[in-house]
Amino acid sequence: MSLSTCSFSRSTTWSSTSGMASMSTPTKAKSTSYPANTLADVHYQSEAVKNGWEAELCGRILEYPGTVSQFIDTFMPCSTPFTPTANLNNAFAQHNPQPGQEIKSYPALLAGLRRVVSSFPSDKRLTFADSHHTLIPFPFDAFKAHHHRTKPDIAVSFPGQRITPICWQNIATVLEVKSAEDEDPFPRNGSGHHRDVEQLAKNARCLLLAHGLLSAYVVGVYGRSIRIIRFDHTCAIVSQPISLQLNGARVLGKFYWHFTHPLIGSSIAGADPTVLPLDLASQNWVKEQLEKANAKDWKNHIGELSKGRRVEVYDEKTGQCRNYLLYSLVDVNGRLFSRATTVWRAIEDTRIWKDGHLVPDPTSTSPAKPQIVKDAWRQIIRTAETKFYHRLAENIPEEKRRGLPKMICGGDIGEFEVQWWNATRSRKELSSPPSSPLSSIPSDDPPPGTSESESVPTPRKFEAFCSLGNAHLPSGRQHDRCSSLDFPLPYPQHQTFSWRIIDPEYEYLERSHMRIVIDDVGRCLTDFTSTREVVQAMRDAILGHELAWKDACVLQRDVSLGNILIVDEPRSDGPPFFGFLHDFDYSSMGPVETDSEDEKTAYDSDEDVHRKERTGTLYYMAVELLEKQDVIHNTGHDLESFYWVLLWVVLRHTHCALNGQEGEALCANVFVAGNAYRSAWGKTSWVQMSLRTPLVVQGNDPLTKLIADFNRLLFQSDGALMGALFGPQGPSAASLTYQSVLALFDAALAPEMKWPSNDWKRCSLLDSERRTGTSIVEERLTVGTTNALMAIPPRAASATNRGRASKSRKKHTTNPRMNNPVRSEPVQPIPRLGSKRNYDARGDEPQPPPDTRPGKRRRTNASMGPPQILPPGRSEPVASTSAAGAAAPRGPRRRGSDAAQPIRESPRLAARRASTSDSIF
């Protein structure tokens, strides 16, 4: 990072993603938004993790232009003015850190911090604890295997509480400490300093998820200076540095005072006022209701009940507030700057407020029914998910609905709050934004994400919901109309405003907070009892996908493992189904009145095409979307994604093998993280390999046949692979259709098919004692032999090496499958992402890291400052680095070596392939 990391220079190397709702968006690397495949994808030292976080942070770190005191006043409005009573001039006099002796400075630093808050009231006083020796796992146990543990240097408690034990549920904020001023990462260059920013970001991510915060604050201590960093789900804003020896102690005191005295709510700055932790009474009430309702497996779902929360859901259709108790986390998106989706099992809280307490409603007789609550942050230029559910409900009658969930209520809290905020501004007759460097949404324009007709709120919309939390309003005013109140904060909080403060040109990057409630409750595909249950659920999800497209012209566009659920309890009314497809965040829709299916096209606004973030999950995306950028996203791509989801589940959770290779070993090589090129090659290699030597699922003939037949359909739909095998005179490719795919599933589920029961297998790829991920390829692909194994081409290892391609590489076509669709000679394995060793093309000889070889200029990270806006059709700047994906370690290239040149197919193998090609179909 250079100084432009936090400045507002537009000459950055951040890659702005683009793409219409009906088109593939440019390939932009993500952090682990997809499930971790192996332990190497989780370990903090692995290249996959490092490059994932580098891509996550690139272009998202901004420096606040004002003073630290202005930073605090802007982002942390206070309910009580800060008037320090203690003399803080010498609070950090004993703090004298020495280079390389960071830990020895902790006692003096802790003493100064305690002195800073010593004058706070006891119920607002913070506790500081040395936590650098404590490995703290991800906040939720069910997902801690997918994320490595962290060790914040100093942990800070919630006001008036203690940190016992040290875990994210008891931590309100943290400090990361370095021993010298020159270790401040924000104006510096190099990967070492990038790791320091990564530490701050990981801590903020865990704080946001553990408590459902709207924003998280962390402090960086660099020698005798400090910075305050504010993270939300779109970017981070960094304060100017300030010296602890000058006025830093007083400023730090002001920060912690504002942190513990927020203008709204009674917790901390950044807390969501519509969220309350589950107290013991609420936890007991949840257990009682689940037991009365005889909910399926309810005792298995309350293992982390204390981590649940009570939330208020805004129903945009009625304007009502409905309260839900979230008791079991089903899924979570662990990325920081993202939708940050969390999916919870929940029950509606039918209790009523009486004398300041929640008590059972005497008029309520039936027990609460488990439902699903989804909490997410949508990009404001995308259509709200509720709009898609309304479209589905309007065009698909209840008696016909199958494979699709039903939305009970929901709405965009951020959009609601912006309307309220604008209404307050209108009442105050502020016709223009303040004449200050801190600009905001113009009052005469509708806020992003809202229509012109919705820009002025109607009284109905404010009847019984308050984005500031009904529970926090003064006693007796819980049901007052918010339209009669002025919005008390300088900016909305349920819709991010960070970019608008710094530079409104980038306000399309802002995100808006939404919650929806789904009637159908399900569990992940990997939690199946029998594989037949998986196939049933996926068949119904495909039927739901077809129904949404043909009847409502809604294309889901993000078929992935987490978006297909097995129904817990199949419904009795309407067509029964065993699984459903949900999550329409990235969907698109077109006009419903079109009669011809060929004329239907999902569309979206053209003006924001190049500003939307990429859709889809890398592991499950169709190969064509990975290889090309300007491709219209159609139903065939989603149907292909169903195959990759099925294969993921089978390889990891069944006893299966191919040529002696077990499923888990195959999974680690088929589903390749890092970048789109690697992912596409892994998938196309698998399709070719398993075409002649099918995967065998032990004792499960129906599933074995289903995967083989589905794989053949994929091959027949791929024009490049068909051309490579048959030549220009061969048969043409046939697109995947609902009819062809559903026919396979129906045949597999036919009554005469014999399926095993209780055939779930535990996946051990993420076990800490298992050594995985040391190489990206242990196998080679040789079609037509008895030992057909997979290989990733060596050029894939350096496909993202900052664009420094050699002349020999530039001669080859960009289609990875056409360079060498079939390999007949052995290829040396290349290191898997996460390996600390680099290998020469000759074999297992360790080489120096690329950045430390003699004569090589040290590689620096891309700027993490604001993004540059790219024109439509261009995927990334010329100098793009980390945003393009994770580059694997790269050994020295030799002209004429096998590692540098594609291996051509021998005439003998070509003749053999031609003589046996007819047997493929």
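Trainee: Which residues does Y256 touch, not counting residues up to four places away in sequence?

Mentor: Y256 touches L113, V116, V117, F120, L126, F128, V156, T173, L175 and V219; contact means heavy atoms within 4.5 Å. The model is predicted, so local features need pLDDT of at least 70 and side-chain atom pairs count only at pLDDT 80 or more, while totals for chains, interfaces and linings use all residues. Residues are numbered from 1 along each chain as its sequence is written, and side-chain values use heavy atoms, with hydrogens and water left out.

Trainee: What makes a set of residues a nonpolar core, and which residues have the most contacts inside the largest one?

Mentor: The members must be buried Ala, Val, Leu, Ile, Met, Phe, Trp, Tyr or Cys residues joined through side-chain atoms within 4.5 Å. Buried means under 20% relative accessible area, exposed over 50% and partly exposed in between, with a 1.4 Å probe and protein chains only. The largest core has 99 residues, and F128, F231 and Y256 have the most contacts inside it. Another core, of 70 residues, lies apart from it and includes C553, L639, C656 and L691.

Trainee: Why are β9 and β16 said to stand at the edges?

Mentor: The open sheet has seven strands in the order β9-β10-β11-β12-β15-β17-β16, with antiparallel pairing. β9 (275–277) and β16 (407–412) each have a single partner strand, so one side of each is left without a neighbour in the sheet. Strands are DSSP runs of E with at least two residues, and helices are runs of H or I with at least four, numbered from the N terminus.

Trainee: What makes β24 and β25 edge strands?

Mentor: The order of this open, three-stranded sheet is β24-β23-β25, with antiparallel pairing. β24 (661–662) and β25 (696–697) have a single partner strand each, so one side of each lacks a neighbour in the sheet. Two bridges join β23 (residues 656–658) to β25, and A657 stands opposite V696 in β25.

Trainee: Why is R339 said to sit over the ring of Y586?

Mentor: The definition requires NZ of Lys or CZ of Arg within 6 Å of the ring centre and within 35 degrees of the ring normal. The charged end of R339 is 4.1 Å from the centre of the Y586 ring. R351 likewise lies over the face of W285, at 5.1 Å from the ring centre.

Definitions and conventions. Pairing = 2+ DSSP bridges.
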